[in-house]
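The sequence and structure are shown first.

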Amino acid sequence: MAVRRWFAAAPVTGVIFALLVPQPAAAGSRTVYFLKNSHVVAPGKYRIGRRQVKCGSARTVIAPRFPDYGGALPGMIILNPGKLRRISLTVRRFVYAHECGHQIVGRDETAADRYAIQRGRRMGWLNRRGVKQICRELFRGEKGDRQHPPGAVRCRAIANAYNDARPVPEGRRARNFNVETGGYR
Ligand SMILES: [Zn+2]
């Protein structure tokens with residue numbers, strides 16, 4: 001996907017950063033299609049499992065027609081509920097955190113992966129087994145494209161990101177999984 005106007009885009013005309021699937025350069029009308037039948041959840045109100053998740057002031061857009069697990073636009077995390085149901089809870093948290101990462105790092109897919117992994121370890125919802133789950137459930141067999149490195153490369157990078165992150169001591173962990181910007185970044 002050619003990403004031109006990350007910070008200036010109006011929601012329905014912007015170009016989406018998807019987790020795995022590339023988007024065409026002229027994504028305006030397709031974006032509208034992807035967001036058809038979607039609904040918006042206020043910041044901090046979306047739940048993964050029983051925990052509420054938050055990404056600063058970003059809203060969560062539940063979009064059943066979105067072609068990937070998740071995507072991001074400025075101020076918006078897009079999730080496909082049907083696809084998310086097929087992956088485990090930890091991997092869903094990773095998808096959300098990856099899309100949250102785009103709110104901070106912009107278009108860089110590797111940086112968004114790294115952000116999500118390190119935040120997961122620091123906040124206590126991700127362990128080594130979870131890193132392997134992400135690799136197996138999302139990345140295995142993915143060839144990659146201009147924006148996304150091949151699955152095997154992403155798997156190695158998230159393992160390294162996990163090793164580089166220091167967990168926050170138990171007592172200081174937030175009660176809810178919280179990927180709000182700032183703090184541990
Ligand atoms: Zn992404």
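Predicted model: local features only at pLDDT ≥ 70, side-chain atom pairs only at ≥ 80, totals over all residues.

**Helix α3**

Helix α3 runs over residues 89-105 and has 17 residues. From first to last C-alpha it reaches 24 Å, close to the 24 Å expected at 1.5 Å a residue. The helix is mostly covered, with 12 of its 17 residues buried; among them are Arg-92, Arg-93, Glu-99, Cys-100 and Gln-103. Gly-106 follows α3 and has a positive phi, near 80 degrees.

**Packing against α5**

Helix α5 spans residues 128-139, and its axis comes within 9 Å of that of α3. The two axes cross at roughly 80 degrees, so α3 and α5 are roughly perpendicular to each other. On the α3 side, the contact involves Thr-90, Val-91 and Phe-94; these meet Gly-130, Gln-133, Ile-134, Glu-137 and Leu-138 of α5. The classes of the residues in this contact are listed here.

| Class | Residues in the α3 contact with α5 |
|---|---|
| Nonpolar | 4 residues |
| Polar | 3 residues |

**Tyr-96**

Tyr-96 is found in α3. Tyr-96 counts as buried because 24 other C-beta atoms lie within 10 Å, where the cut-off is 20 or more. Leaving aside neighbours within four places in sequence, Tyr-96 is in contact with Ile-48, Val-53, Gly-70 and Ile-77. For Gly-70, which is 26 residues from Tyr-96 along the chain, the C-alpha separation is 7.3 Å.

How values were computed: Residues numbered from 1 in each chain as written. Helix = DSSP H or I, 4+ residues; strand = E, 2+ residues; numbered from the N terminus. Expected span 1.5 Å × (residues − 1). Axes fitted to C-alpha atoms, helices over the stretch in contact; angles between N-to-C directions. Parallel < 35°, antiparallel > 145°, perpendicular 65-115°, else oblique. Contact = placed C-beta atoms within 7 Å. Nonpolar A, V, L, I, M, F, W, Y, C, P; charged D, E, K, R; others polar.
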